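Colleague: I would like to learn how to read a few features of a model. Could we start with the aromatic rings?

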Amino acid sequence: MKKILALALLLLATSAAVAKNIKTAVFTTAPQMHCQNCENKIKGNLRFEKGVKKIETSIEAQTVTVTYDADKTTPEQLRKGFEKFGYQATTVKTAEAKAAKAPAAKK
């Protein structure tokens, strides 16, 4: 019983040590995305930036949502990453990002 408890504690300590600091940043771009090719260009290039875990784009909301490892990169470094392939990125505030993701009310 003591061995199982010790193993469980060791496993818990190990998992806490390797926990990552995952965060999300939402950007708008200039020029704006207007087609699937724009989305593909952003996703295809931004995925090579250090620490990027997931990229979601929305043409309707004109946003790029990036999930990243905060131990490896920052929103500022990600913004500079956009410049490498010809886009200017601006960080969207959290409230604005939530409003952009919310579906528009239908009449």
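Modeller: Gladly. Rings of Phe, Tyr and Trp (its six-membered ring) pair if their centres lie within 6.5 Å; planes under 30 degrees apart count as stacked, over 60 as edge-to-face and the rest as tilted. By that rule there are 3 aromatic pairs here. Keep in mind that this is a predicted model, where local features need pLDDT of at least 70, side-chain atom pairs count only at pLDDT 80 or more, and totals for chains, interfaces and linings use all residues. Residues are numbered from 1 along each chain as its sequence is written, and side-chain values use heavy atoms, with hydrogens and water left out.

Colleague: How is the pair of Phe27 and Phe82 described?

Modeller: A pair of aromatic rings is described by the distance of the centres and the angle of the planes. For Phe27 and Phe82 the centres are 5.3 Å apart and the planes are at 55°, so the pair is tilted. Phe27 lies in strand E1 and Phe82 in helix H3, so the pair ties together parts that are 55 residues apart in sequence; helices (H or I, at least four residues) and strands (E, at least two) are DSSP runs, numbered from the N terminus. Phe82 and Phe85 are also tilted, with centres 5.9 Å apart and planes at 40°. One aromatic cluster is formed by Phe27, Phe82, Phe85 and Tyr87.

Colleague: Is Phe82 buried or exposed?

Modeller: Buried means under 20% relative accessible area, exposed over 50%, and partly exposed in between (1.4 Å probe, protein chains only). Phe82 counts as buried, at 0% relative accessibility, and Phe85 is buried at 10%.

Colleague: Which residues of the largest nonpolar core touch the most other members?

Modeller: In soluble globular proteins, nonpolar side chains tend to be buried together. A nonpolar core is a set of buried Ala, Val, Leu, Ile, Met, Phe, Trp, Tyr and Cys residues joined through side-chain atoms within 4.5 Å. The largest one here has 16 residues, and Phe27, Ile42, Leu46, Val64, Val66 and Phe82 touch the most other members. E1, H2, E2, E3 and H3 each supply at least two residues of this core.

Colleague: Which residues of helix H2 are buried?

Modeller: In H2 (residues 36-46), they are Cys38, Glu39, Ile42 and Leu46. These residues cover an arc of only 100° around the axis (taken from the directions from the helix axis to the C-beta atoms), which puts them on the same side of H2. Their cover includes strand E1 (22-30), strand E2 (52-58), strand E3 (63-69) and helix H3 (75-83). With contact meaning heavy atoms within 4.5 Å, Leu46 touches residues including Val52, Val64, Leu78 and Phe85, leaving out those up to four places away in sequence.

Colleague: How many disulfides does the count come to?

Modeller: A disulfide is a covalent bond between the sulfur atoms of two cysteines. The rule asks for a pair of cysteine sulfur atoms within 2.5 Å, and the count comes to 0 disulfides. Cys35 is in none, and its nearest cysteine sulfur, that of Cys38, is 3.5 Å away, too far for a bond. Cys35 is partly exposed at 25%, whereas Cys38 is buried at 7%.

Colleague: And which side chain joins that of Thr73 in a polar contact?

Modeller: A polar contact is a pair of N or O atoms within 3.5 Å; within protein, one must be able to donate a hydrogen and the other to accept it, and residues adjacent in sequence count only if both atoms are side-chain atoms. The partner of Thr73 is Gln77, at 3.1 Å. Thr73 sits in the loop between E3 and H3 and is buried at 5%.
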